[in-house]
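Please look over the structure below. Some questions and answers about it follow.

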Amino acid sequence: MAKVGIIRCQQTEDLCGGTADFQFAQKGKGAFEPLGACEVVGFVSCGGCPGKRAVGRAKMLKEHGAEVIVMASCMTLGTPMGFPCPHKDLILDAVRRKLGDEVRVLEYTHPAPKK
Ligand code: SF4
């Protein structure tokens, strides 16, 4: 079972408990489908705008066993408000540079709900 660490948008914490992220990971659905059912070893926020703390937090998740880092859909797809992070590309690039090729980085957790 793949071990994943999830990084979410801090601005969305008041609106969402991350329930869908855990469900999709446990069932191996959505972005987790290529990995199958996953164990979530950590679930943290980006640390607040502009998201620079996500880099150190991704490294910390790796040190706690995450083989894959996953950006939650609130950050990259803007769920549940339709408001993606304006810094998402910078965050993804910085996290990928920091972790190198050893750790895969997925860009969302689950599809945005249909309206
Ligand atoms: S940097 Fe992006 S992901 Fe982090 S709190 Fe701000 S909007 Fe959300």
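Q: Which residues are buried in α1?
A: This is a predicted model, in which local features need pLDDT of at least 70, side-chain atom pairs count only at pLDDT 80 or more, and totals for chains, interfaces and linings use all residues. Residues are numbered from 1 along each chain as its sequence is written. Helices (H or I, at least four residues) and strands (E, at least two) are DSSP runs, numbered from the N terminus, and a residue is buried if 20 or more other C-beta atoms lie within 10 Å of its own, with C-beta atoms placed from the backbone. In α1, the buried residues are A20, D21, F24 and A25.

Q: Against which strands do the buried residues of α1 pack?
A: Contact requires C-beta atoms, placed from the backbone, within 7 Å. The strands that the buried residues of α1 pack against are β1 and β2 (38–45).

Q: In which sense do β1 and β2 pair?
A: Two strands pair if DSSP finds at least two bridges between them. Here there are seven bridges, and the sense of the pairing is parallel.

Q: What is the bridge partner of R8 in β2?
A: β1 spans 2–8, and five of its seven residues are buried. In β2, R8 has as its bridge partner S45.

Methods: Buried ≥ 20, exposed ≤ 12 C-beta atoms within 10 Å, placed from the backbone. Contact = placed C-beta atoms within 7 Å.
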